[in-house]
Amino acid sequence: MDWPASVALAQSVPELPTGTDWSYEVKLDGHRMIMWCTGDGVRLQARSGRDATAVWGDLVLAGHHLPAGTVLDGEAVITTEDGRISFEAAQARAPSSPTRAHRLASQRPAHYIAFDALQLPSGDARPRPYNDRRAALLNLPGGWPCRAR
């Protein structure tokens, strides 16, 4: 896969599709982020294609647990003291300098919620059915601190 990756975007529809071939994700109020784990380290790409690695260093550290060759699509979120996702906190972090971002991360660390595997160590996963990619995502080795099933 080549940097930057294009991401699928949500589309407004008059009613939700039905059937067995549809999956839904919760809308999160954060920043869409592609996490690239290569043999050289972890890089983060914003939805726009911009390199966001320096601003989300806490997520870079979490990404080091992934096997090289993994590229994930997800959302960078920041929570408040009561556990709610704060779009305002993510908005404050995104345009920060690396120094300010580090200070903000020490106050409110970010969380990465992955919802798709775009590439796996075995190769490009995008041609595979979503259910296969989702299963591969949930079974990635790496000791993530928290894994939803």
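Analyst: Gladly; we will go through a few features one by one, with the general idea before the case. Please keep in mind from the start that this is a predicted model.

User: Then let me begin with confidence. What is the average pLDDT of the chain, and where does pLDDT stay under 50?

Analyst: The general idea is that where pLDDT is low, predicted coordinates should not be read in detail. Here the chain has an average pLDDT of 89, and 95% of the residues score at least 70. The stretch where pLDDT stays under 50 is residues 145–149. For that stretch the model has six contacts beyond four places in sequence.

User: Good to know. Next, salt bridges: how many does the structure hold?

Analyst: In general, side chains of opposite charge can pair when their charged atoms come close. This structure holds eight salt bridges. One of them joins Asp73 and Arg32, whose closest N and O atoms are 2.8 Å apart. Asp73 belongs to strand S3 (residues 70–78) and Arg32 to strand S1, so this pair ties together parts that lie 41 residues apart in sequence.

User: Are Asp73 and Arg32 buried or exposed?

Analyst: Asp73 is buried, with a relative accessible area of 4%. Arg32 counts as buried too, at 16% relative accessibility.

User: Which residue forms a salt bridge with Arg43?

Analyst: That is Asp51, and the closest N and O atoms of the pair are 3.2 Å apart. Asp51 counts as partly exposed at 39% relative accessibility, and Arg43 is partly exposed with a relative accessible area of 37%.

User: And which residue does Asp116 meet in a salt bridge?

Analyst: The side chain of Asp116 meets that of Arg133, with an N to O distance of 2.8 Å. Since Asp116 sits in strand S4 (residues 110–120) and Arg133 in helix H4 (residues 130–138), the pair ties together parts 17 residues apart in sequence. Asp116 counts as buried at 10% relative accessibility, and Arg133 counts as buried at 12%.

User: You mentioned a helix. How do I read the sides of one?

Analyst: An α-helix has 3.6 residues a turn, so residues three or four places apart point the same way. Let us stay with H4, where the buried residues are Arg133, Ala136 and Leu137. Those residues cover an arc of only 105° around the axis, which puts them on the same side of H4. Their cover includes S3 and S4.

User: Which residues of helix H3 are buried, and which exposed residues are on the face turned away from its buried side?

Analyst: In H3 (residues 98–107), the buried residues are Ala101, Leu104 and Ala105. They span an arc of only 100° around the axis, which places them on the same side of H3. On the face turned away from that buried side are the exposed residues Thr99, His102, Ser106 and Gln107. The buried residues of H3 pack against H1 and helix H2 (87–93).

User: Which two residues does a cis peptide bond join?

Analyst: The cis peptide bond joins Trp3 and Pro4, and its omega is about -10°. Pro4 is placed in the segment before S1. Gly49 touches both Trp3 and Pro4, if residues up to four places away in sequence are not counted. To find Gly49, look in the loop between strand S2 (41–46) and helix H1 (57–63).

Notes
Residues numbered from 1 in each chain as written. Predicted model: local features only at pLDDT ≥ 70, side-chain atom pairs only at ≥ 80, totals over all residues. Heavy atoms only, no water. Helix = DSSP H or I, 4+ residues; strand = E, 2+ residues; numbered from the N terminus. Contact = heavy atoms within 4.5 Å. pLDDT = per-residue confidence, 0-100. Salt bridge = Lys/Arg side-chain N within 4 Å of Asp/Glu carboxyl O. Buried < 20%, exposed > 50% of the residue type's maximum accessible area, 1.4 Å probe, protein only. Arc of directions from axis to C-beta.
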